[in-house]
Structure formats: C-alpha cells, structure tokens
Amino acid sequence: MTQSTPVASMTVDAGSAAHTAAAVSAEELSFSYGETEAVRGISFEIAPAEIFGFLGPNGAGKTTTIKMLTGQLRPKGGSVRIMGRDVGRDDPVTQAQIGVCFEEKNLYDAMSGEENLRFFASLFEVDGVDTDALLQRVGLADRAGDRVGSYSKGMRQRLMVARALVNQPSVLFLDEPTDGLDPVSSKAIRAVIREEAERGAAVLLTTHDMWEADELSHRVAFINEGRIYAIDTPENLKLQHGERSVKVRRRDGAGVHEVSVALDDPGAGDELRKAVQAEGLMTIHTEESTLENIFVEMTGRALEA
Amino acid sequence: MNLKRRAAIVRAIVAKDLREFSRDRLWMVLTPIMLIFYVGIFWLLPNSVDETITVGIYGRGLDAVAEEALQSDAVATEQALRVVPFESADALEAAVVDGTEVEGDDGKNTVPVGIAFPDDLTAALAAGEPATVTIYVDAAVPAEVQTAMSAFVREATYAMAGMDLPVTQPQQQLVVIGEDRAGNQVSPQDRLRPLLAIMILLVESMALAGLVAVEIQSRTAQAVVVTPATTGDLLTAKGVTGTLLAFSQTVLLLLLIGAFGFEPLLLLVAVLLGAVMMAGVGMLAGSAGRDFMTTIFISVVFIVPLAVPAIAALFPGVASSWVQLLPTYGFIETIVGVTAYGWSWSDSSVYLLISAAWCVVIFAAGWFILRRRVEAL
C-alpha cells in the first residue's frame, strides 16, 4: 500500500460550483488541544451550491474544523471566512448565515418539535417561520406537537436537520446527518441536502458513509490526523487512485471460474475478449475502486477506526 | 447588532427557560408545596412574645405579702410576673428543675423561678436570727430577672423583719439562649421570616442550577451559540431567569406571610439583591454539575453556609461574629431589620451595600465559570 503526502493547500476545479466566490474559505487552519495538534494547517474552499464531503475517521479533526468554521473555536493559526467575512467567536452577522446540524442530538427534550424550531427561529429573528413545511420536509409533521423527549433517535436526527434550516442558511454544516437513520429516512435527508444545495447553500457534510459521500458530494476532502490528504471530485479520485477492472464469471464442467481483467494493463482488450468468448459465460461486472479503498490507500487508516 | 436585538434574543431564551421550568414536574410540584408548607408553619407560630414570668412561692403565711412585693418590684423591672403558691419547698424545687407545668390563675405554666422561704422565717426574724431564703432559677431566665429576684427577697424580708437577710442561689449554670432582647423581643414569626425567605431563594437557585446543568449536559448551549445569540446573551438570560424565579417566589412568600407592612420598596430591593446572588449561585452549581444528583449535591454545599445567617436570626445569640462574613448576612439583617424592627433606608444602607458587593462577586463568579463551560463545549 502506498500512502500519499498530505495536501497543505489545494485549489481544485469542482465544476460549475467552484467558479463563483467561495462561501467558505479556510486557509492554513490549525488548532491544538494542549500539546495535541488536532488540525494542522488545512486549507479548502466551498463554493455556493456545492456539497463538500469531509471524510475522515473519528479523531481525524473533522469536528474541530467545523467548530472553527462555525466560530465555536478560535483557530490557533490560519483564518476562516464565511460568505467573505472573517469568522470570530460570537459574531452574530456570520452566524445568522449558517445552519449547523451537530453530531450530538442537542435538542430541548421538554419542548415539542415545533417549539424547538420556533425558539431557534426567534434567535435568528425569522418571523413567521413555516414550521409545518420544515417538519414536513423531514417527515415529522405528524409529531410536531409531541415533546422531543418522546422522539426516537431517528426522529431527533431529522429534527436536527430541520432546525439547521430555520434561517435558510447560506452555509450548512451537517455533521453525520444520516447517522442512525433507517434507509427511508436517510433517503429523505439526502433529498433535503440536495434541495438545499440547489437553493444555493454551500454544504459541508461529514459522514462515515462512503456511498453517501460519493452519492451526494460534488467534492470530497480526505482528512486524517489533522491533515487533508486529498481534495477532489469523487470521480477524479477514483480515476486517479482506483484500479479499473472487469470481472468475468463462467461455468464449465469443472465448476465456476472468475477472471479479473485490469483495464489499465497492456493487452487488456485481448484478455477481456478471450474471457468473454469462452463458453459458459455467466456474468460480467465492471469494477472501480471505492472512496473508502482510496482513503485507506492514501492514509493507511480505515474510516471506521 | 443593536441592543434591541440583543434584548429580544435574551427575552427569547428566558421565555424558553421558563417554559422548560414550567414543564419540570419536580419543580412544579415542589414549589407550591414548599410555599404552602412555609406559609403554614409561619402562621402557626405565635406572633408575639409572652414576657410574663411565673414565679413559684413557698412560705407559710407569706404568699400574699410576697406577691404584693413581687408585683411592685416587677413594675420597677418592667417585667410582668404571675405568682403561683406551692405547698412545699421540695415541690417548688422539683417544678423549677423539671420544668413541669403547674396550674395557676390563668392556666398551666412552667415555673422558671421559685422562691422558698424557710418554715422558721417568722420565728427567726422575731428572734433576730438569720434565716436563709432559697431562689431557684431556670437556666433560661435572664440574669436581670435573677438579680431582681434577689433584690425582691431582700426588700420583702426587710419589710417583715426590719433587717437584711442573706439570700443565696443554688448552684445552677446560667446559660442565656439567644440574644437578650429584654423589652425588645422578636416574635417567633419575625425570627422565622428570614429563614423562609432564604430557603425559597436557595431552592430557586437549585432550580436554575438544574436548568443550567441540562443546557450544558445536553449541549443545547452549543446549538444556541452558533446562532446570532452570543455566549453573553445566553449567560444574561440564565441570570435573568434565575433572578426572576427567585425574586418572584420570594416576594410571593413574603406577601403571604405579611412582610410588606413597612418600607416595602426597601424589602423589594433587599430581595432583588438576594435573588441576583442566588442566580449567581445557580450558575456556579449548574456549571459544576455533571448530572442531576451532582448538581443537587453541589447546590447543597452552597446552601448550608448561605443559610447560616438565617439560622442565627432564628436563634439570636448563638452565632459568632464570623457569620457577618457570609454572603447572605447583609440580606438577612435587612429582612430582620425591616420586618421586625421597622428599619428605614438609612438603617439598612450598610447591609444593602454588603449584599450588593456580594451580589457582584457571586454573580461574576457564576458568569465566569459558566462562560468557560459553554466555551468548552
């Protein structure tokens, strides 16, 4: 396995989204907890309407980075700009433009879902927030009046997402938004994330689910031990680091045989033709590397670790 | 962001806190029960002090003379006395020592003072020989009454014999419970009032501590400070909530126990200072608490020393001068002074200043510690 060198600073064309002014800009961002360096000089930008996947195992520095981006932590080094404005602690102007969905389900249990949304809307000075529509979007309309304390884990997670949207934020920070959700709820939340990006919001998404990151993100960043190892579109990463192959299965009198043909090898065409023309052909599958495989290849560390 | 906007945010957080408080079954049950219980206890206690002292007398044929002499002496000492005759010196001594109640003209009473004239008093006086009159005095009887009793015996015997007699007291330890307030006694109701007020304040500080602890432990504070609400807004709101809860319920209690008869504004200022102080205590305890039990435990650690000045007011004379160093001392003195002695603003000014200084110190400490906790989330 070959490990990559961390990327200190990188500007990548992310398609149409990346050509506009950055909604989020982090430059040489660093932070330490005492002697422990949690984030070591990372830089990236997120454009409006872009979904930016932030991928890394636990303890990689994702949450610390989000805390710096949302003004909860003051960086020890570097700078953060949200919608062109430097982020500082307790900066109401910047914070009026962001929505945050935390990993912890930090909701007021004694209040109903609707009351939770109304309270946060009042902090954003959003008059007449349409809580019904928000709750409808996350599938909680029928439980709007129930106390959050009676909600299941998945319902609380969906309410967290709805809460992050009360102010129609320009920048949306979503920390593991589908964690613990059933497939139907996850699909609904992914739809909401896409809708928000289509509305023009920049979305920073952290997730352990590589399929989800691949599915949703315009670009992804691999972060490990406080460093960014790669920033690119999932397709480019897979093209650059993955191994394209075709797997052919056939059956004969001796049993089932499987042949894997690496498409980048010289003579791959002949080898593939021979495999396909053989008798007893059962299945042909194209294979490409997953983001998880690429992450492990680049960092030497599994995502779930 | 302007002040109006900041005020609106603080108001929204306070409204949310009060809504949470109103849905907490523990506090919603505890608060009215506590109020009813405290008010009930207060009105069950007497609102005046019975200054009449029952004096037991033993002396053959001397009861009438002694009573007449006693009453004239009581006028001189501003002490009301009731006289109860006894059949024997032993019965009189037993009544004083045991504290048993005896039947008199106006019902049953204990006999804290007894005077036993010797059986041979008349003969001894006639023969010009000395005789001994014994005075039994309960430990709770003020020293001035004991002195008065001795003087009375001298006067009475001098009137009968035309000569002084030696008057001896049995060896009894003299312990005066509470501050001697002869002629200026504080009724049990007046003495209990500050204790009830401080208990309500302290309990409401625990309610705030609970709200703060939940906000920290569930990390909802983190969700609040990533909105346009600043950490300062959140802390201000906690201070306002704690002050509102403590102030409103203490004022309600004081209204129910009839404390606003004199200088109501002065009393309100004192309660407000106490409420702000308790909001600081609530923020401190809530910041340190890890869960409900630790929050309650930490609150109790604060409650005990803060209640000491009120306990001292309940039992005047037991406290030492160090009580004056406790943060609630000024508050308690003001409550006692205004409600029991009709203090004016000038009488209370020193104590209000002491309370205000402690308010600033404790609230600032609560603010600082809670700020650190919120920022560490």
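Figure 1. Helices (H or I, at least four residues) and strands (E, at least two) are DSSP runs, numbered from the N terminus. A residue is called buried if 20 or more other C-beta atoms lie within 10 Å of its own, exposed if 12 or fewer, and partly exposed in between, with C-beta atoms placed from the backbone. Within α10(A), which spans residues 291–299, the buried residues are A:Leu291, A:Ile294, A:Phe295, A:Met298 and A:Thr299. They lie on the same side of α10(A), because they cover an arc of only 110 degrees around the axis; this arc is that of the directions from the helix axis to the C-beta atoms. Just after α10(A), A:Gly300 adopts a positive phi of about 75 degrees. This is a predicted model, in which local features need pLDDT of at least 70 and side-chain atom pairs count only at pLDDT 80 or more, while totals for chains, interfaces and linings use all residues. Residues are numbered from 1 along each chain as its sequence is written, and chains are lettered from A and ligands numbered from 1 in the order in which they are written.

**Figure 2. Helix α3 of chain A and its cover.** Nine of the eleven residues of α3(A), residues 113–123, are buried, so this helix is largely enclosed by the rest of the structure. Among the buried residues are A:Leu117, A:Phe119, A:Phe120 and A:Leu123. Their cover includes α4 (131–137) and α5 (153–164) of chain A, together with α1 (3–22) and α8 (220–225) of chain B. Just after α3(A), A:Glu125 has a positive phi of about 60 degrees.

**Figure 3. The largest nonpolar core.** A nonpolar core is a set of buried Ala, Val, Leu, Ile, Met, Phe, Trp, Tyr and Cys residues joined through C-beta atoms within 7 Å. The largest has 161 residues, of which A:Val171, A:Phe173, A:Val203, A:Ala221 and A:Phe222 touch the most other members. With 17 residues, α7(B) gives the most to this core. A second, separate core of 25 residues includes B:Val55, B:Ile115, B:Val145 and B:Phe152.

**Figure 4. B:Arg191 in helix α7 of chain B.** B:Arg191 belongs to α7(B), residues 188–217. Because B:Arg191 has 21 C-beta neighbours inside 10 Å, it counts as buried. B:Ala313 is 122 residues away from B:Arg191 in sequence, yet their C-alpha atoms are 5.9 Å apart.

**Figure 5. The side of chain B that touches chain A.** Here 22 residues of chain B are in contact with 22 residues of chain A, contact meaning that the C-beta atoms of two residues, placed from the backbone, lie within 7 Å. In chain B, α1, α8 and α9 (231–256) each give two or more residues to this side. The largest share, six residues, comes from α1(B).

Figure 6. The mean pLDDT of chain B is 81, and 83% of its residues reach 70 or more; pLDDT is the predictor's confidence in each residue, from 0 to 100. Over residues 169–183 of chain B, the pLDDT is below 50, and this stretch has 26 contacts in the model beyond near neighbours in sequence. Where pLDDT is low, the predicted coordinates should not be read in detail.
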